[in-house]
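Colleague: Could you take me through one part of this model in close detail, and then carry on from there to whatever else stands out? I'd like it as one connected answer.

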Amino acid sequence: MTSVLEALVDELRTVQGPIRSSDLADRVGVSESALSGMIDVLVAKGRLSPAESPGAGESVACSGSACGSSCVGLDQCAFIANVPACYTLIVDAASVPLPATE
Amino acid sequence: MSRLVVDYGSDVETAIALLVGEIEETPDVSERYASRWLATALLDEDPGLVEPLTALDGGDRLVATRDRLAEELRGALGEQADTAIAAARFQTANTIARAAIVGQTGKSRDRTDRIDAVLTNRYLGIPIFLALMWAVFKITTDIAGAFLDWIDSAVSGPIAHFVESFVSLIGLDGTWVESLLIDGVIAGVGAVLVFVPILLALYLALAFLEDTGYMARAAFVMDRVMRGVGLQGKAFLPMLVGFGCTVPAVYATRTLEDERDRILTSLLVPFMSCGARLPVYVLISAVFFPQHAGLVVFGMYLLGILVALTIGLVLKRTLLPVTSHAPTIMEMPPYRLPTFRTIWFHTWTRVTAFIGGAGSIIFGTMIVVWFLMAVPVSGDGGFADTDVDDSAFAAMSGAVAPAFDPAGFGTWEAAGSLLTGFVAKEVVVGTMAQVYGIEDAGVEGPSPSIADSAREIGTGFAGAMLGALRATPGIIGIDLTDADAEDEPSSLMASIRVSFEESSGGHSAAAALAFLVFVLLYTPCMAAVAAIRQETSTRWMWLSIVGQTAIAWAFAVVFFQGAKVLGL
């Protein structure tokens, strides 16, 4: 029997590009909150890679002297302050062919 | 009440049974823990369990058995035991949820989903994003533009008079100190600070979109565009940051695992029009395209994206072939009604950061530019008393200026402004204020009283408010402005127009457009160059500098010559 975690990964493999978590939850047939827990497990297992905050651990980027003079820092950047959490599937391109449909 | 026992599948259940047997033969452990729970938690690799367990008699043996069974399960299942356990739990929870929750057949859509169906639609998402950005720049230039003259007249009037009176009071009038303060600091830094209302409006509009939750959707839409040039999903983050400032955007490429993605993104990020370029767009648009300033600014942002996509496609097919497109899940925040308090907090933080920046890099550069303009290299003038055309700055800039002849702005003033732009784009406007406005920068007439100055500032503000209110309906196409009443251009704006008119052979608007295109596409600033070197290599850094400058020059020439043909 295919587990719901495997179904999630299989469904994700059929996607080429970004997918909203609510759409993926619909496709897999689980609630969005359940999907969130499943994502955490897949992240812990190294199957999904979370997009870190662009400045995570890189305080040098916005430390002042090295920064653009009109930069307000990543946590206040108008274009990034409310960016969605995102997770990328770690694909072994050699072994897992990606279908070309969305 | 019946007790639910999750079925983990035959392989895992066999391993659990073996561990349960061993646990029950270990009294120290079985007295403290429920056997099946402990067996499952051990196979699930519960991180907090091993230490207390090994402190008990027989605990080490249990951990060793767990390790052996986990290894066997990995071979049998093709995945780790804890993954299989998590999958079984989710499967059980999902089965229960499906049985227990009724009335949700098919896809249920809430308000956020319904709005997203339109805003992130495969075909509508990008046009809607562009339309919203156009509205943002329309608001920015049309409404906030009314305040430019107010701040300009306050800086060059009462504030300049105050500084002049102070210099006179301490007996330094007529000296280089007065020139430094009036021609250098007030003219340069003041010219940049004039654009604070523009940034205020931009940040207000963006904070509004951000607070509604739309900016997250912009990231989603942008991601699709980025994939078009072969960049992986996460590359949209640095590209979006690039609209704010290139430097952190380049550093943000560290989050990309693939080196080719990192290099490609670092090379493309500088084409995203950063906030520091905005004052240049607004100034030049106010001089040459006053009725279409919003469209011109929007056009610059759009051109930056298009050039980045084109360059990305070229690099993808040549130097940096990209191999994979990993799918990405995005967790969108729900839409919500924005609150004024949050919007104002974000806006104020960003504006004060800009003013702080103006007080450091711009201030320093303006003093250097003033110094170079004060040093004579020809003619008979002395220090701070020379014709600007004889200054070191004019000589230095004049050596570069002929390169811009085919683009219609081959003057030392324009070239000098672009040269200082390598330091930071904010100083381009400050330099223009110095080099074009230097002859008019002196403060004329008697100093007004404090009461007169306050009255002048107050009247100017009221006029600006009225202008902003009149311009507001223009966003939806209702023009309430007095078309016959043309604002008197400032001496700086008049000087820029005359200079571009002369250098372009009468095609000043075409030259202005080419100038803007060059500002958009050439190297953003030295800090960005240093960041690119740090994140890639010296070779890629030079490719970025030379490539961007060459592309900027080529586009500027094509735009000027093309616009000339079109009769601009």
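Modeller: Let's start in the loop of chain B between helix 3 (35-43) and helix 4 (50-54), which is where Glu45(B) sits. Keep in mind throughout that this is a predicted model. Glu45(B) isn't a glycine, yet it has a positive phi of about 55°. Most residues other than glycine have a negative phi. As for cover, Glu45(B) counts as partly exposed because its relative accessibility is 38%.

From that glutamate we can go to another one, Glu413(B), found in helix 20 (residues 412-420) of chain B. Glu413(B) is buried but has no salt bridge. The nearest side chain of opposite charge belongs to Arg497(B), and that is 16 Å away. What does Glu413(B) touch, then, once neighbours within four places in sequence are left aside? It is in contact with Val435(B), Tyr436(B) and Ser499(B).

Tyr436(B) is a handy link, as Ile496(B) touches it too. Not counting residues up to four places away in sequence, Ile496(B) also touches Leu283(B), Ile284(B), Val287(B), Phe288(B) and Met432(B). Ile496(B), along with Phe409(B) and Phe515(B), has the most contacts inside the largest nonpolar core, which has 145 residues. Helix 24 (residues 508-521) of chain B gives this core its largest share, 13 residues. Another core lies apart from it, with 26 residues, among them Tyr8(B), Leu38(B), Leu42(B) and Ile85(B).

Helix 15 (residues 259-268) has seven of its 10 residues buried. Those are Asp261(B), Ile263(B), Leu264(B), Thr265(B), Ser266(B), Leu267(B) and Leu268(B). They pack against helix 13 (236-244), helix 14 (246-251), helix 17 (293-317), helix 25 (526-535) and helix 26 (538-565) of chain B.

Helix 11 of chain B is mostly covered as well, with 14 of its 17 residues buried. How far apart are the end C-alpha atoms of helix 11 (residues 196-212) of chain B? They are 24 Å apart, and that agrees with the 24 Å its 17 residues should span at 1.5 Å a residue. Just after helix 11 of chain B comes Gly213(B), with a positive phi of about 100°.

Side chains of opposite charge can pair when their charged atoms come close. Over all chains, the structure holds 13 salt bridges. One of them joins Arg336(B) to Asp211(B), with the closest N and O atoms 3.8 Å apart. This pair links distant parts of the chain, 125 residues apart: Asp211(B) is in helix 11 of chain B, while Arg336(B) is in the loop between strand 1 (328-331) and helix 18 (340-374) of chain B. Asp211(B) counts as buried because its relative accessible area is 8%, whereas Arg336(B), with 39%, is partly exposed. Salt bridges that share partners also join Arg20(A), Asp23(A), Asp113(B), Asp116(B) and Arg217(B) into one network.

Glu72(B) is partly exposed at 46% relative accessibility, and Arg68(B) is partly exposed with a relative accessible area of 44%.

Over in chain A, Arg27(A) forms a salt bridge with Glu11(A), the closest N and O atoms being 3.3 Å apart. Arg27(A) lies in helix 2 (residues 21-28) of chain A and Glu11(A) in helix 1 (residues 4-13) of chain A, so the pair ties together parts that are 16 residues apart in sequence. Relative accessibility is 36% for Arg27(A), which counts as partly exposed, and 22% for Glu11(A), which also counts as partly exposed.

Among chain A contacts between residues at least 6 apart in sequence, 58% join residues at least 24 apart. Chain A exposes about 4300 Å², with carbon and sulfur atoms supplying 50% of it.

Notes. Residues are numbered from 1 along each chain as its sequence is written. Chains are lettered from A and ligands numbered from 1 in the order in which they are written. This is a predicted model: local features need pLDDT of at least 70, side-chain atom pairs count only at pLDDT 80 or more; totals for chains, interfaces and linings use all residues. Side-chain values use heavy atoms; hydrogens and water are left out. Helices (H or I, at least four residues) and strands (E, at least two) are DSSP runs, numbered from the N terminus. The expected span of a helix is 1.5 Å times one less than its number of residues. Buried means under 20% relative accessible area, exposed over 50%, partly exposed in between (1.4 Å probe, protein chains only). Contact means heavy atoms within 4.5 Å. Lys and Arg count as positive and Asp and Glu as negative; His and the chain ends are not counted. A salt bridge is a side-chain nitrogen of Lys or Arg within 4 Å of a carboxyl oxygen of Asp or Glu. A nonpolar core is a set of buried Ala, Val, Leu, Ile, Met, Phe, Trp, Tyr and Cys residues joined through side-chain atoms within 4.5 Å. Accessible areas come from the Shrake-Rupley method with a 1.4 Å probe; for residues, only the protein chains shown count as cover.
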